[in-house]
Amino acid sequence: MSTEGRSEPGVDDAVRALLLLMPRMVGRAKRIPVPEELQSLALAPRHLSLLSYLLFDGPMTVNDLAARLEVAPTTVSLMVGELSGKGILERQEDPADRRRRIVSITDAQRPSISTWLSRGATAWRRALAPLTPDQRQLVIDTLRAYEAAAAEPEGSDSPPVP
């Protein structure tokens with residue numbers, strides 16, 4: 001992913017660049033304004049992924065959400081209960097299987113949630129669109145590897161940044 005006229009950075013140069021870039025990215029994401037009608041609902045970062053899946057992929061079951069979020073169904077069920085109580089989500093009977101419940105964003109909250117989440121989605125689209133599918137997968141894999149490495153216990157055997 002080099003740009004013409006720029007040399008490709010070594011690992012340490014890339015680490016330094018990302019250590020400067022990541023806090024700015026997180027800061028910008030945190031500054032995306034929550035629409036006024038959602039501010040009183042005290043939505044936490046954990047709700048963002050759940051709402052994103054429902055907004056972009058449509059209604060789904062708690063088990064499907066849990067699999068996508070990589071958490072236990074009980075965790076998702078608690079979040080769904082919390083957001084349902086705030087009027088953000090609704091649960092409806094699955095017409096194909098009455099034992100299952102389908103979770104969706106309420107019609108009343110969908111426009112506000114769409115406005116809120118679309119800014120980040122638009123930024124990612126602009127950043128990823130010029131890349132090849134393999135390059136996009138590399139970005140995703142790299143961010144996942146970073147997340148996993150950052151979650152490792154302190155004192156792992158990785159070298160310090162010079």
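This is a predicted model: local features need pLDDT of at least 70, side-chain atom pairs count only at pLDDT 80 or more; totals for chains, interfaces and linings use all residues.

User: Which residues does UniProt list for "domain: HTH marR-type"?

Analyst: The UniProt record, an unreviewed entry, lists residues 11-148 under that name. Over residues 11-148 the chain is 67% helix and 12% strand, with 18 Å between the end C-alpha atoms.

User: How is the packing of α3 and α4 to be read, and at what angle do their axes cross?

Analyst: Two packed helices are described by the angle between their axes and by the distance between those axes. Here the axes of α3 (residues 45-57) and α4 (residues 62-69) come within 10 Å and cross at roughly 115°, and the crossing is right-handed. On the α3 side the contact involves S49, L50, Y53, L54 and D57, which meet L65, R68 and L69 of α4; these residues divide into five nonpolar, one polar and two charged.

User: In what order do the strands of the sheet lie?

Analyst: In a regular strand the side chains alternate between the two faces of the sheet. In this model three strands form an open, antiparallel sheet in the order β1-β3-β2, in which β1 (60-61) and β2 are the edge strands, each pairing on one side only. Helix α3 packs on this sheet, where it touches β1, β2 and β3, and its direction makes about 100° with that of β3.

User: How many residues lie between β2 and β3 in their hairpin?

Analyst: Two residues separate the strands of that hairpin, and β2 (residues 89-94) pairs with β3 (residues 97-105) over six bridges in the antiparallel sense. L89 has I105 as its bridge partner, while D94 stands opposite D97.

Notes
Residues are numbered from 1 along each chain as its sequence is written. Side-chain values use heavy atoms; hydrogens and water are left out. Axes are lines fitted to C-alpha atoms, for helices over the stretch in contact, and angles run from 0 to 180 degrees between N-to-C directions. Helices (H or I, at least four residues) and strands (E, at least two) are DSSP runs, numbered from the N terminus. A crossing is left-handed if the near helix is turned anticlockwise from the far one by less than a right angle, and right-handed if clockwise. Contact means heavy atoms within 4.5 Å. Ala, Val, Leu, Ile, Met, Phe, Trp, Tyr, Cys and Pro count as nonpolar, Asp, Glu, Lys and Arg as charged, and the others, Gly among them, as polar. UniProt positions are given in the numbering used here, feature names are shortened, and annotations may be inferred rather than shown by experiment. Two strands pair if DSSP finds at least two bridges between them.
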